Amino acid sequence: MQIAKVQESLARKALYQPNTRFDDLFSLVAHPYWLWVATESILQSSGAEIAGIDGITKEHIKSDTHDYAQALANELKAGVYKPQPVKRVYVPKADGTLRPLGVSTLRDRVVQEATRMVLEPILESHFLNCSTGFRPGRRVMDAIDLIEYFSSNKVKMWWVVKGEIKECFDTIAHSKLKGVLEHYVQDKKLLRLIASFLAAGRIERSNVATPNQGVVQAGVLAPLLANVYLHEFDKIWWNRYGGLTEGQKTYRRSKGLGNVQLVRYAEDFVVLTNGDKAFAHELHEEFAEIARGLGLALSAEKTQVIHLNDGIDFLGFHLQRVHSAMSNKSIVLVKPTQQSIEQFKEAIRAITSRETAGDDVPNKIRAINALVR
């Protein structure tokens, strides 16, 4: 089986036949070779040494990954495979708060990876360019570049709604998420498998909780599931503003109305407009209402209406419209935030500390080079 060709075929069909609801996908997920490739991928990831609640790590299975994949395939085909609860852990965020993450068992990560390998080509064919977070071939700088373009002197979108969907990963309702997935997939076995991951629950201090909302942050499938749900957010923007023709946009401007662009990186987003301040505040309320319609809420502390002359911090960068003496024009200056600079310095200190890898200078140099890149 040539997995890349299968994925290309799925992507092409989703792109050129967008109303297709895919069936017979579970047979791919449960294929021994497909699962073996997923196993090898998970074992090469940085988290392969971290065990879930069963205590199994890379060391336990790396000796014979073919047999491991075959055993998983047998369980899936027999209908006896059942995901285990994830282990809840907390890691510090840059603002001092704690971010909840979930550690799945290695076997669940493998099956989720096999599922992602099937779903991602299909869903990626539907996602819009305004979404740049947790997507193959896209990164933070794609979002920054979009903002630079929309706020250029050519497009002149200088009023910005900078927002964050509050506790996004933890508040996505399972019932609504499953309904969204059914727009693209009609394979009941695959939908039941995804539902079983959502229902597996989490274990914290020996207590198991099975909430009816939330996708596990740090889970293999979580970014894709969050993006397909937030694609509904993107589609509403597109239907109202993003899909307008140039003629329609010109007509809006002739009537004194602003046009609107969205740039989203997972739960963080900016809405830019060439309208006035009052319209920007209207957009703030409008996008808050769009989020509420999806069962989500905007963070009151992290959502604001601001002019680019005053500058915004987004995804670790500070963007501000300033006057350039060299060109005698206004430009958008992009530079790392002070917090990003301090985090970089702290990482350099940690690498170069004598307590880190002793005096192993070559390894320290390699680590510094990787960080700088």
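Author: Rings of Phe, Tyr and Trp (its six-membered ring) count as a pair if their centres lie within 6.5 Å. The model here is a predicted one.

Reader: How many aromatic pairs does that rule give?

Author: The count comes to seven aromatic pairs. One of them is F233 with F269, a tilted pair with 5.4 Å from centre to centre and 55° between the planes.

Reader: Where do F233 and F269 sit in the chain?

Author: F233 is in helix 11 (residues 222–242) and F269 is in strand 7 (residues 268–273). They are 36 residues apart, and the pair links distant parts of the chain.

Reader: Are F233 and F269 buried or exposed?

Author: Both F233 and F269 are buried. Together with F287 they form one aromatic cluster.

Reader: New topic. How many salt bridges are there in the whole structure?

Author: A search of the whole structure finds 14 salt bridges. In one of them, D234 pairs with R264, and the closest N and O atoms are 2.8 Å apart. D234 lies in helix 11 and R264 in strand 6 (residues 260–265), so this pair ties together parts that are 30 residues apart in sequence.

Reader: Why does D234 count as buried?

Author: D234 has a relative accessible area of 1%, and buried means under 20%. R264 is buried too, because its relative accessible area is 1%.

Reader: What about the salt bridge between K302 and E164, how far is N from O?

Author: The distance there is 3.7 Å, N to O. K302 lies in the loop between helix 13 (277–293) and strand 8 (304–307), and E164 lies in strand 3 (residues 159–164), so the pair ties together parts that are 138 residues apart in sequence.

Reader: And is E164 buried or exposed?

Author: E164 is buried, with a relative accessible area of 15%. K302 counts as partly exposed, at 30% relative accessibility.

Reader: Which residues make the patch of positive charge on the surface?

Author: R21, K188, K189 and R192 gather there. R21 is in the loop between helix 1 (3–16) and helix 2 (26–29), and R21 is partly exposed, with a relative accessible area of 37%.

Reader: Last one. Which residues make the nonpolar surface patch?

Author: F344, L371 and V372 make that patch, which covers about 250 Å². F344 lies in helix 14 (residues 338–352) and counts as partly exposed, at 38% relative accessibility.

Note on methods. Residues are numbered from 1 along each chain as its sequence is written. This is a predicted model: local features need pLDDT of at least 70, side-chain atom pairs count only at pLDDT 80 or more; totals for chains, interfaces and linings use all residues. Side-chain values use heavy atoms; hydrogens and water are left out. Patches are made of residues with over 30% relative accessible area and no salt bridge: like charges are joined within 9 Å, nonpolar side chains (Val, Leu, Ile, Met, Phe, Trp, Tyr) within 5 Å. Accessible areas come from the Shrake-Rupley method with a 1.4 Å probe; for residues, only the protein chains shown count as cover. A salt bridge is a side-chain nitrogen of Lys or Arg within 4 Å of a carboxyl oxygen of Asp or Glu. Lys and Arg count as positive and Asp and Glu as negative; His and the chain ends are not counted. The place of a charge is taken as NZ of Lys, CZ of Arg, CG of Asp or CD of Glu. Helices (H or I, at least four residues) and strands (E, at least two) are DSSP runs, numbered from the N terminus. Buried means under 20% relative accessible area, exposed over 50%, partly exposed in between (1.4 Å probe, protein chains only). Rings of Phe, Tyr and Trp (its six-membered ring) pair if their centres lie within 6.5 Å; planes under 30 degrees apart count as stacked, over 60 as edge-to-face and the rest as tilted.
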